[in-house]
Amino acid sequence: MQLIFQKCTIDHLDSLIELSRNTFIAAFEAANDPDDFKNYIDTAFHRDKLKAELENSDCIFYFVYVDNECCAYFKLNENDAQTDIKEKEAMEIERIYVLQEFQGRKLGHSMIQEIKKLALGKGKHFIWLGVWEKNSAAITFYLREEFVKFGNHPYFIGSDEQTDWLMRLDLINLGKP
């Protein structure tokens with residue numbers, strides 16, 4: 001399996017919109033109120049919003065390709081683009097999604113390894129993320145990747161207030177005894 005990470009540019013906007021919507025809908029549509037969910041999708045993945053994020057130097061999107069087929073993506077935030085922490089030593093993983101037909105191939109692990117490299121290359125001390133408290137599969141994955149829970153915050157899908165666990169992975173001692 002050949003795995004390639006490609007940094008997204010404004011030229012990838014249409015593909016990013018499609019992949020973002022498809023993966024989020026597949027992951028969460030069934031667990032949410034249809035009206036709230038539609039409002040969230042229409043706002044979070046609106047063309048103008050994603051375009052502005054792609055143009056923000058503190059937001060970085062990567063596509064993941066397996067054998068030349070785009071199957072996943074992740075979004076990283078630094079500095080003021082981070083949703084909560086906003087520490088210069090931190091990098092947020094705001095999104096990390098894999099198309100359903102590619103799940104179970106350890107792509108998530110490969111993406112976390114790539115994110116660690118990117119964060120270390122930028123001198124970051126830790127990476128962090130928010131994960132829905134009811135997404136037990138994702139929580140199990142992050143725990144396996146050695147993230148630890150350090151808090152929680154509200155997350156809104158439309159008008160529905162949900163709770164995300166905040167999880168972090170310290171990078172400062174990686175690779176040291």
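So, the sheet: it's an open one, 7 strands, mixed pairing, and the order goes 1-2-3-4-5-7-6. Keep in mind this is a predicted model. At the edges you've got strand 1, residues 3-7, and strand 6, and each of those pairs on one side only. From one strand to the next, the twist averages 30°.

Strand 1 pairs with strand 2, residues 59-66, in the antiparallel sense, over 5 bridges. If you want a spot to look at, find F5, which stands opposite V64 in strand 2.

Now, what packs on the sheet? Helix 4, residues 107-121, does, and it touches strands 1, 2, 3, 4, 5 and 7. Its direction makes about 155° with that of strand 4. Then there's helix 2, which lies across strand 4, strand 6 and strand 7, at about 100° to strand 6.

Let's stay with helix 2, residues 34-44. Which of its residues are buried? D36, F37, Y40, I41 and A44. They sit on the same side of helix 2, because they cover an arc of only 130° around the axis. And what do those buried residues pack against? Helix 1 and helix 3, plus strand 4, strand 6 and strand 7.

Okay, that's my tour, over to you.

How values were computed. Residues numbered from 1 in each chain as written. Predicted model: local features only at pLDDT ≥ 70, side-chain atom pairs only at ≥ 80, totals over all residues. Heavy atoms only, no water. Buried < 20%, exposed > 50% of the residue type's maximum accessible area, 1.4 Å probe, protein only. Helix = DSSP H or I, 4+ residues; strand = E, 2+ residues; numbered from the N terminus. Arc of directions from axis to C-beta. Contact = heavy atoms within 4.5 Å. Pairing = 2+ DSSP bridges. Axes fitted to C-alpha atoms, helices over the stretch in contact; angles between N-to-C directions.
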